[in-house]
Amino acid sequence: MRHRILVLTLCAALAPAAHGEDADLKAQVEALRAELVALKDEVRRMHAESAAAAPAAPAPAAVATSPAGAATPLPAATMPPAGAGSTALWGYGQIGYNRPTAHADEAQADLTRAVIGFNHAFDDATRVYGEIEWEHAIASADDAGEVEVEQLYLEHALAPDYGVRAGLMLVPLGMLNEHHEPTNFYGVERNFVETAIIPTTWREGAIALYGSTDTGVSWNVGAGTAPDLGAWDPTADEGRASPLGSIHQELQLAKAHDVSLFGALNWQGIPGLLVGGGAFTAKIAQGAPDFPADKARLVLGEAHVRWQPGSFDFSALYARGTISDTQALNLTFLGQPTPVPKAFWGGYAQGAWRALEWGQSSLVPFARYEEFNTGAAYASQPESLGSMPLPTEKVWTTGVNYYLNPNVVFKVDYQHFNNDDPALGYGNRFDLGIGYQF
Amino acid sequence: MNVRWLLPLVAAPVAQVAYAAQYMTIEQAQRAAFPDANAFAAIALDKAASGVPAAPPGWSPKVWQARAGERSLGWLLVDQVIGKSELITYAVAIDSRGALISVEVLEYRESHGGEIRLAGWRKQFVGKTAADAVELNKDIRNISGATLSCRHVTEGVQRLLLAGREILRRDGSEIPAHGNG
């Protein structure tokens, strides 16, 4: 109906000209009229094709009448509605089987994690993101599983290029912490460096600014909660497996006396190349009265590079952390197996090759070499009571990721450890796994 | 009456909200790709005849023909794909011979993966035609951390190139004859 009115209006507007004596002008009007009829039919057909295209109707008529030189685009409203008010669900999961070659009796199968994520757009600029995770299949008073909120933050875009986040968010360090879905990494298990040194998935309650530039630089700076050194357990192995993993708080009634600062900078100006790094620092005594390490400060820094030319994928990362003022605290831990390290570090280099590809499927063999040390140095103690550095662990992982499609992966690998450490599960082993994300 | 002066105060944040995810309007994309055009005519894409394999359900890109007088300069196709969980609106400009002129990201709403807006990444598509592979990790390089967005936009561009080829076959590079619907 609206088109008919438009056509009539346009014809009426053109009528005085048509009454002129110029025959050419008359012919032009006739041509325009024919064009309008044709466009009207076209619009009707577009309507039939897509209800969402309804608001597009006025534009074709506008094209016919547009003066030379004026572009007449359709309004953005012709696209299907998106953004504001929308809610989306996503998820990923991972199941693994580990079989130590020397201790077959310790072979284990585990539903490592199942995650449901969601986001909701309150308006075009404001969203909430959340991820809820189940680890090890069952969580109850008698079981080893855990249920955790892995992320829950609000994000508000202040401009197309930058915005602010607030809530429980992943610390933007390394390549795995923020992109930890099983389809995103090679091998059944996540790499050791970004588990033992950067405790993926490491999150803090924080407020952060993020943004990107047209030159390919993306940045992220924030302030938030910090680990709690008071939670260090010198009798347990956790501190040796991952110093920060054993004292992170995950916003669970977190002690919040101390404020952390973190930042990350990445450059992706050349397609296929990623160069970046990040740092995190905080006092971690949390103001506990009479705490022997009341000035303890954590500093963790990392640098990474990834190069994905064609069917190859090369990456490397180095991370190093220090915790200061631990001498007096470790003195109280004398005789215990796990003092607080003064320094810990790790690095890896990895190469993968998309060797075969058919349809949506692909076969990607890979190899990764890692070195890491969760107790590379300890604060010196009087009378030679100090702890000796731990041996550096060296791990080779070789295997294949078979992608049934880009979102479903089957994995097999073999891991060779330089030093066996049964308490931490370090020993040569075969791994099998499946993973997905949607 | 006495609260009318408040209107600009209300309008300012509303305007900011409405365009926070929008990097470019369709009109800006049209002018950037076809600076010599003096009109953009909406063209219906006949899906049944489009011959585009693996088109998702509800796929209905909007198409405009860029015109300079009676000459066709090419087409601007605007489509949406899902990045990880939200829609990315993007525009592909194709010249009158079917070769890609530019890819522009009009709207990006996700928390991560916005690096697909980088000029360097989008430039990889320039010159591609429907005869090219246009596949991620083959002739289009990935952006680490934005894999899903890269993959889905790449697949979308490939579909639009095929759609462009069909329009070219149907209409040729001339202004379509009128009166035949």
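This is a predicted model: local features need pLDDT of at least 70, side-chain atom pairs count only at pLDDT 80 or more; totals for chains, interfaces and linings use all residues.
Two residues are in contact here if their C-beta atoms, placed from the backbone, lie within 7 Å.

Residues are numbered from 1 along each chain as its sequence is written, while chains are lettered from A and ligands numbered from 1 in the order in which they are written.

**The core around W75(B)**

W75(B) also belongs to the largest nonpolar core, a set of 56 residues. Such a core is made of buried Ala, Val, Leu, Ile, Met, Phe, Trp, Tyr and Cys residues joined through C-beta atoms within 7 Å. A residue is buried if 20 or more other C-beta atoms lie within 10 Å of its own, exposed if 12 or fewer, and partly exposed in between, with C-beta atoms placed from the backbone. The members that touch the most others are I43(B), W64(B), W75(B), L76(B), L77(B), A91(B) and V92(B). Two or more residues each come from α2, β1, β2, β3, β4, β5 and α4 of chain B, and α4(B) gives the largest share, nine residues. A second, separate core of 50 residues includes M169(A), V193(A), F344(A) and W345(A).

**Chain B: a sheet with helices across it**

Helices (H or I, at least four residues) and strands (E, at least two) are DSSP runs, numbered from the N terminus. Chain B has four helices and five strands, arranged from the N terminus as α-α-β-β-β-β-β-α-α. Its strands form an open antiparallel sheet in the order β1-β2-β3-β4-β5. Because β1 (39-43) and β5 (100-108) of chain B stand at the edges with a single partner strand each, one side of each is left without a neighbour in the sheet. From one strand to the next, the twist averages 25°.

Two helices lie across β1, β2, β3, β4 and β5 of chain B: α2(B), residues 26-33, runs at about 160° to β5(B), and α4(B), residues 147-171, at about 145° to β3(B). These angles run from 0 to 180 degrees between N-to-C directions, and the axes are lines fitted to C-alpha atoms, for helices over the stretch in contact.

**Strand pairs in both chains**

Two strands pair if DSSP finds at least two bridges between them.

| Strands | Bridges | Facing residues |
|---|---|---|
| β6(A) and β7(A) | seven bridges | I207(A) and A223(A) |
| β7(A) and β8(A) | eight bridges | G224(A) and S260(A) |
| β2(B) and β3(B) | seven bridges | A68(B) and R71(B) |

**A look at chain A**

Chain A has six helices and 17 strands. Strand β7(A), residues 217-224, has a covered face of S218(A), N220(A), G222(A) and G224(A); on its uncovered face are V217(A), W219(A), V221(A) and A223(A). Four residues lie between the strands in the hairpin of β6(A) and β7(A), where G216(A) takes a positive phi near 100°.

Of the 438 residues of chain A, 38% count as buried; for the 181 residues of chain B, the value is 52%. Among contacts between residues at least 6 apart in sequence, 57% in chain A join residues at least 24 apart, and for chain B the share is 62%.
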